[in-house]
Amino acid sequence: LENLKLLFAGKWPMGEIYQHPIKKDPKTGDAKEYAIKVDRRPTIFWRVPGLHLQNRQISVNGRRVPAMIVGSVIHSLNNYGSLTMNSEGVNFYIPKLETPEEALVVAKLLEELEKVIGVRRGTIKIRLLNERAQFTINQLAIEWVLRHWLSGTNVGRWDDFNSLIEMFKDDPNVFPDPDELTMWLPNMLEYHRWNGLMNLLVGVNRE
């Protein structure tokens with residue numbers, strides 16, 4: 001979080017090389033090196049934890065707070081000013097949604113964040129990760145609930161595979177073999193097409 005805060009504020013030393021304390025370069029065996037060398041960084045979507053994960057440090061009335069709330073609040077309040085000064089905005093990448101009810105929780109969170117910051121509805125932007133079969137089933141309703149903030153959805157092929165395996169693991173006639181699940185299978189092509197169609201129907205690609 002501290003590193004991102006420096007980056008958004010324009011205080012990160014661009015081009016400076018940092019060595020990873022553990023990871024090694026597979027070719028040389030030396031410490032792996034990292035640096036940001038672009039003049040203008042790409043738009044960053046901060047990936048928050050899924051709603052099912054709880055924060056270990058913060059609780060309310062003895063119950064742990066969803067980690068998504070903690071992460072999004074800290075990120076927004078720390079970085080909104082720096083991002084807007086650089087003609088950017090607060091963007092979140094949200095995984096693991098499966099139902100319209102979960103989407104409504106996210107919508108209420110975004111509304112409250114925008115009220116605290118003092119901006120109009122839809123100022124904060126999000127992308128959703130389409131990685132669960134239940135998300136695909138409920139996709140139109142989920143995207144409609146979040147339409148004011150939504151800028152698009154990405155497909156997560158491996159998580160979608162795992163979701164299919166979970167759903168059909170007890171059916172010997174349907175259980176998918178992961179080695180045979182390629183993106184050219186009819187159901188995976190339909191997965192991509194459906195994802196794009198839902199974006200067009202809800203209008204999430206508009207600027």
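A charge is taken to sit over a ring if NZ of Lys or CZ of Arg is within 6 Å of the ring centre and within 35 degrees of the ring normal. The model is predicted, with local features needing pLDDT of at least 70 and side-chain atom pairs counting only at pLDDT 80 or more, whereas totals for chains, interfaces and linings use all residues. Residues are numbered from 1 along each chain as its sequence is written, and side-chain values use heavy atoms, with hydrogens and water left out.

Arg127 lies over the face of Phe45, at 5.7 Å from the ring centre, and the charged end of Arg147 is placed over the ring of Trp144, 3.9 Å from its centre.

Helices are DSSP runs (H or I, at least four residues), numbered from the N terminus, and their axes are lines fitted to C-alpha atoms over the stretch in contact, with angles running from 0 to 180 degrees between N-to-C directions. Contact, meaning heavy atoms within 4.5 Å, is made by residues including Met68, Ile69 and Tyr80 of α2 and Val106, Leu109 and Ile117 of α3.

Helix α6 (residues 157–168) and helix α7 (residues 186–202) pack at an angle of about 125°, with their axes 12 Å apart, which makes α6 oblique to α7. This contact is formed by Arg157, Asp160, Phe161 and Leu164 of α6 together with Asn187, Met188 and Tyr191 of α7.

Key. Helix = DSSP H or I, 4+ residues; strand = E, 2+ residues; numbered from the N terminus. Parallel < 35°, antiparallel > 145°, perpendicular 65-115°, else oblique.
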